[in-house]
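The sequence and the structure come first.

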Amino acid sequence: MKVDVVIVGGGIAGASAAYFLSQYGSVALVEREEHFSYHSSGRTAAQFTVGIGAPTMRRMAQASRSFLETPPEGFCTHPILTPRGCLTVAKAGQEGVLRRLQDNLASAGARADYLDKEAALSLFPALVADKVDAGVYEPDAMDIDVDMLLQGYLRGARARGAELLTGAPVQGVSRENGAWLVRWQGGGIAAPILVNAAGAWADEVTRMAGLAPIGVVPYRRTAFTFALQKEFDTRSWPHVGSIDYNWYVKPEPGCLMGSLSDAVPTQPGDVYPEDLDLAQAIANIEADTRLHVGRPLSQWAGLRSFVADRNPVAGTRPDAPGFFWLAGQGGCGILTSPAMGQALAALAAGHELPGDLAGIGVSSGDLSPTREGLGQGI
């Protein structure tokens with residue numbers, strides 16, 4: 001099979017790339033698992049926020065808001081975003097970190113309310129009063145319907161003629177006669193442009209192609225759900241976390257979701273929760289709140305992949321003609337997928353970045369796999 005673009009990796013990054021690239025030519029999306037969005041994209045807290053420390057990642061989230069709020073006609077049958085709000089709480093002595101979060105939110109055009117103890121408790125009454133002194137509230141943070149977004153990308157790409165292939169673990173990548181040949185057992189595709197959207201496996205695919213890796217490191221994060229308590233009405237609660245990232249809690253239908261907010265370096269693969277991480281998360285939540293977790297209803301772990309500077313990567317290198325990276329979204333891949341997909345599609349098509357990105361100060365150099373501090377060659 002020959003196409004204009006072959007995309008390796010069927011998570012949200014690859015799906016968004018397929019959606020936006022398919023307007024320029026023929027596309028094939030190749031996924032190793034039996035269904036799309038199995039690893040990182042399928043194990044997310046599904047929150048839209050611009051309270052992100054890494055500056056380019058924060059701007060890509062800012063640029064994605066309009067697509068998520070008002071997707072193209074026919075993209076989905078229900079809203080992708082629903083109101084939730086996000087509250088970050090801190091103890092005495094951590095006010096400076098809270099102010100930096102408030103500044104980051106404001107820099108991305110978001111409302112950021114600095115709250116005293118009483119205001120924070122009114123939003124999340126399960127807090128232990130003497131464990132919180134202040135908070136920052138992002139009222140325009142949202143819940144994301146991840147499946148609605150993913151299916152919109154896949155349905156739109158398929159409608160434009162894209163080939164969507166699952167159960168095809170890539171075994172070889174080579175450059176032949178001006179095209180990239182991607183091979184798996186029983187099949188293969190040739191294309192002049194290859195998009196490496198393989199998430200935690202991005203460096204592995206890069207090495208298959210005979211190229212120097214960009215230093216993508218996967219990190220494990222553990223999460224679980226637990227039962228509601230009769231004394232609390234959680235329906236209006238925001239997503240709540242501590243400023244030192246040692247726990248968060250998010251309301252879900254019929255339960256609460258909790259996490260240690262951990263980031264443990266690991267190898268690419270199907271990761272599972274560690275008993276010690278679960279125990280620590282439960283201890284942290286129960287120390288700072290009046291919630292009683294007990295035995296989790298469910299538990300899982302997912303991967304978050306970063307490069308050294310914690311900003312995302314979209315682009316190519318002089319030593320890699322036709323080979324484009326779409327990687328390093330670090331747990332923000334869902335909420336940045338519209339802007340990242342559009343940026344990658346524009347670069348692969350030889351165009352300038354979309355005007356809304358340039359308007360908020362994002363350049364191709366900010367996303368480039370050749371930028372300083374990326375960790376190239378790791």
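Val-170 stands opposite Trp-184 in β11. The model is predicted: local features need pLDDT of at least 70, side-chain atom pairs count only at pLDDT 80 or more, and totals for chains, interfaces and linings use all residues. Residues are numbered from 1 along each chain as its sequence is written, and side-chain values use heavy atoms, with hydrogens and water left out. Helices (H or I, at least four residues) and strands (E, at least two) are DSSP runs, numbered from the N terminus. Two strands count as paired if DSSP finds at least two bridges between them.

Strand β11 covers residues 179–184 and is joined to β10 by six bridges, the two running antiparallel. Another facing pair is Arg-175 and Trp-180, the latter in β11. The two strands make a hairpin with two residues between them, and Asn-177 in the turn has a positive phi of about 55°.

Strand β7 (residues 134–138) is mostly covered, with five of its five residues buried. Here buried means under 20% relative accessible area, exposed means over 50%, and partly exposed lies in between (1.4 Å probe, protein chains only). The burial applies to both faces of β7: Ala-134, Val-136 and Glu-138 are on one side, Gly-135 and Tyr-137 on the other.

Two strands that pair with β7 can be named. Strand β5 (residues 86–90) is joined to β7 by five bridges and runs antiparallel to it; in this pairing Leu-87 stands opposite Tyr-137. Strand β6 (residues 113–116) is joined to β7 by four bridges, again antiparallel. Tyr-137 of β7 is also the bridge partner of Asp-113.

## Salt bridges

A salt bridge is counted when a side-chain nitrogen of Lys or Arg lies within 4 Å of a carboxyl oxygen of Asp or Glu. By this rule the count comes to 13. Among them is the pair Arg-65 and Glu-69, with the closest N and O atoms 3.8 Å apart. These two residues are four apart in helix α2 (residues 55–69), so about one helical turn separates them. Arg-65 is buried at a relative accessible area of 17%, whereas Glu-69 is partly exposed at 44%.

Arg-220 and Asp-277 form another salt bridge, in which the closest N and O atoms are 2.8 Å apart. This pair links distant parts of the chain: Arg-220 is in strand β14 (residues 217–226) and Asp-277 in helix α7 (residues 275–288), 57 residues apart. Both Arg-220 and Asp-277 are buried. The side chains of Asp-319 and Arg-317 also meet in a salt bridge, at 2.9 Å from N to O. Asp-319 is partly exposed, with a relative accessible area of 44%, while Arg-317 counts as buried at 4%.

## Enclosed space

Rolling a probe the size of a water molecule over the atoms shows where empty space is left. On a 1 Å grid over the protein atoms alone, a cavity is a set of points where a 1.4 Å probe fits but cannot get out, and its lining residues have an atom within 4 Å of a point. Grid points are joined across faces, edges and corners, and a volume is the space filled by probe spheres set on the points.

How many cavities of 30 Å³ or more does a search of the whole structure find? The search finds one. About 70 Å³ of space lies in the largest cavity. Its lining consists of Val-89, Ala-90, Lys-91, Gln-94, Leu-127, Lys-131, Val-132, Ser-242, Ile-243, Asp-244, Trp-247 and Asp-288. By class, the lining has six nonpolar, two polar and four charged residues. In this scheme Ala, Val, Leu, Ile, Met, Phe, Trp, Tyr, Cys and Pro count as nonpolar, Asp, Glu, Lys and Arg as charged, and the others, Gly among them, as polar.

## A loop residue

Tyr-24 is found in the loop between α1 (12–21) and β2 (27–30). Tyr-24 is partly exposed, with a relative accessible area of 42%. From Tyr-24 to Pro-268 the separation is 244 residues in sequence and 32 Å in space, C-alpha to C-alpha.

Definitions and conventions. 1 Å grid on protein atoms, 1.4 Å probe; cavity = no way out; pocket = protein on both sides within 12 Å on 5 of 7 lines; lining within 4 Å.
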